[in-house]
Amino acid sequence: MSVVVGILFMAATYLILSRSLLRIIIGTGLLSHGAHLLILTMGGLKQGAAPLLSEKAGSYVDPLPQALILTAIVISFGVTSFFLVLAYRSYQELGTDDMHRLRGND
Amino acid sequence: MINFIILPILLPLLTGILLIFFRKQIKIQKVISTLISAISIILSIYLVWLVQTEGIQTLEIGGWQAPYGIVLVADMFASLLVLTTNIIVFTSLLFSFKTIGVEREKFFYYSGIQFLVTGVVGAFLTGDIFNLFVFFEVMLMSSYFLIVLGGTKIQLRESIKYILVNVISSALFVIAIAYLYALTGTLNMADLSVKVSELGQSGIITVISVLFLIVFGLKGAIFPLFFWLPGSYKAPPAAVTALFGALLTKVGVYSITRVFTLIFITDVGFTHGLIGWLAAFSMIFGVIGAIAYWDIRKIVIYNIITAVGVILFGVSTMTFAGVSGAVFYVIHDIIIKGALFFIIGALFILTGTANLKKMGGLIHNHPLLAWLFFISTLSLAGIPPLSGFIGKINIIQGGFETEDYVISFVVLFSSLLVLYSALKIFINGFWGEQKLAKDEEKGSINVLYVPITILVVISIAYGFGVELIYPFVSQATETLLDPTIYIEAVLKE
């Protein structure tokens, strides 16, 4: 799992460093996927039942990281949708999605 | 009143929700938000008094015991910052009324401010590391909204950069929490402190602490992570920049202080030495930026970076003098940065430009504004009777006690250049040849004197009333330097 997370981070970093705004947003999406998978991995991947008391199993998987991920997912969902609309607006107003042309000091 | 300490968070949250329903009635919005903000100031004064008389206040939300549920903790440092935050928000609202414009006010401007306060106050009061992340996001989401509200080209362009940097730092925050959870299996800060000190001096703890330093450094704009700040803070209107400049970076500074005085104290030689040197470079780069520009906004913005450096150096010494200096200085800096941004905003309204070379001789028509600016300049640089002095002198004393002579002299030298950069505005903008006759001015600033004067008067009173404030600061410092007080209050062992 750690290797997969590493590959996700690598791809995200590469995309965020590119010129097109849409690629950057895809990069942030991959970055948050990587971070969420990392929480799950770091919480431990031992065998156990789903964290439902009705399962009546001997051992359960850790419920805390799942709650953390759920929180982090909705937050990054909100931020990503805001970012996408912002990208759309700035494409309308500024007429470009090339980060190199978004410079200036005025 | 066992639930009292949640009120400073709950009140702005509910107000923000309430204001959504009065979108078109701007008058009602103004009345409600001013009223609530004034009530919040009174509540936070009561909170400071409560912590002073009865020690650290904790609230276990939902009645779950400390390491298992979320705990809100109000120690003296957090309470003082909550009080200062509410004062800045109150004055910023007064400043907004005449400057922000109906277009923005109709689009949930005042709700945005209330949600920003919720995030900032929540970040100060929480005792749980993941909850800190959530409050950071509440604060950041509102700041994304406030920075882009109005939708001018420069705002759109700069908010893309601002959001991108903060999305990345939030992802890093999540990663850092994941590593820390894997190592300790807990999220409560007091419990983390116990677990980390049981693990002792292991390499992985140091790595995670540096990751946290990077995360909070991105939020708090320390060297070399301040690159996003000058552009982003130039974009929004003055009232919003004042809120950002006074509060947002200070939340990063607060988090660094909290984390490195409570949790990561096992390898002080390395981590705090690193913070000290990063602080020194922040000061150096901050003053270089401040003296390089002729744009009045940029000058004040680079002074934020310098101030962050000064505060963090005080924290990194881990001596009583240094940390109490940092507490003094952070409160002073929030107030004075608010005042400076307001004055800069007033100048911009008068002259219609931010270029210093295009103004001059403003003192002839606006003597009060000029002298208020002069006082805040001296206070910013730390001239003795004013508020910046006591903080800096304690920080330098702390630096000498730990024999960090080089960085201490950087603090002193940076004060000189900060004074130069701000007096440059005073000499070129207020003195000299009058370039703008009374009837050529772009707008009236008469009502703006109220918020500016409030902040400058508070700053003067803060400078003269150090004796009165000292017991509060010393209590805050004792808690910061001795984590066992915090841990006992939270875990009730």
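Trainee: Hi! Before we start, what sort of model is this?

Mentor: Hello! The model is predicted. Let's begin with the spaces inside.

Trainee: Okay, how many cavities of 30 Å³ or more are there?

Mentor: The count comes to six. The largest cavity holds about 210 Å³ of space.

Trainee: Which residues lie nearest the centre of that largest cavity?

Mentor: Those are A:Ser32, A:Ser76, B:Val167, B:Ser170 and B:Ala171, out of a lining of 18 residues. Two or more lining residues come from each of these elements: helix 2 (21–42) and helix 3 (63–94) of chain A, and helix 6 (129–148) and helix 7 (153–184) of chain B.

Trainee: And which helix gives the largest share of the lining of the largest cavity?

Mentor: That is helix 2 of chain A, with six residues. By class, the lining of the largest cavity has ten nonpolar residues, seven polar ones and one charged one.

Trainee: Since you mention helix 2 of chain A, how far does it reach from its first C-alpha to its last?

Mentor: Helix 2 of chain A reaches 31 Å with its 22 residues, close to the 32 Å expected at 1.5 Å a residue. Just after this helix, A:Gly44 takes a positive phi of about 105°.

Trainee: Which residue other than glycine has a positive phi near 50°?

Mentor: That would be A:Lys56. You'll find A:Lys56 in the loop between helix 2 and helix 3 of chain A.

Trainee: Is A:Lys56 buried or exposed?

Mentor: A:Lys56 counts as exposed because its relative accessible area is 70%, and the cut-off for exposed is over 50%. Chain B has a case to look at too: B:Phe108 is not a glycine, yet its phi is positive, at about 65°. B:Phe108 sits in the loop between helix 4 (102–106) and helix 5 (109–125) of chain B. With a relative accessible area of 28%, B:Phe108 is partly exposed.

Trainee: New topic: where is the cis peptide bond?

Mentor: The cis bond joins B:Phe223 and B:Pro224, with omega at about -5°. B:Pro224 belongs to the loop between helix 9 (203–220) and helix 10 of chain B.

Trainee: Which way do the residues of strand 2 point?

Mentor: B:Val71 and B:Val73 point one way from strand 2 (residues 71–74) of chain B, while B:Leu72 and B:Ala74 point the other way, and all are buried.

Trainee: What about B:Pro8, what does it touch?

Mentor: Leaving aside neighbours within four places in sequence, B:Pro8 is in contact with B:Leu47, B:Val82, B:Val121 and B:Leu125. B:Pro8 belongs to helix 1 (residues 7–20) of chain B.

Trainee: Why does B:Pro8 count as buried?

Mentor: Because its relative accessibility is 6%, and buried means under 20%. The C-alpha atoms of B:Pro8 and B:Val117 are separated by 9.1 Å, and those residues are 109 residues apart along the chain.

Trainee: Last one: what do the buried residues of helix 18 of chain B pack against?

Mentor: They pack against helix 3, helix 14, helix 15 (367–381) and helix 19 (466–481) of chain B. Among the buried residues of helix 18 of chain B are B:Ile452, B:Leu455, B:Val456 and B:Ser459. In general, residues three or four places apart in an α-helix point the same way, because the helix has 3.6 residues a turn.

Trainee: Great, thanks!

Methods. Residues numbered from 1 in each chain as written. Chains lettered and ligands numbered in written order. Predicted model: local features only at pLDDT ≥ 70, side-chain atom pairs only at ≥ 80, totals over all residues. Heavy atoms only, no water. 1 Å grid on protein atoms, 1.4 Å probe; cavity = no way out; pocket = protein on both sides within 12 Å on 5 of 7 lines; lining within 4 Å. Points joined across faces, edges and corners; volume = space filled by probe spheres on them. Helix = DSSP H or I, 4+ residues; strand = E, 2+ residues; numbered from the N terminus. Nonpolar A, V, L, I, M, F, W, Y, C, P; charged D, E, K, R; others polar. Buried < 20%, exposed > 50% of the residue type's maximum accessible area, 1.4 Å probe, protein only. Contact = heavy atoms within 4.5 Å. Expected span 1.5 Å × (residues − 1).
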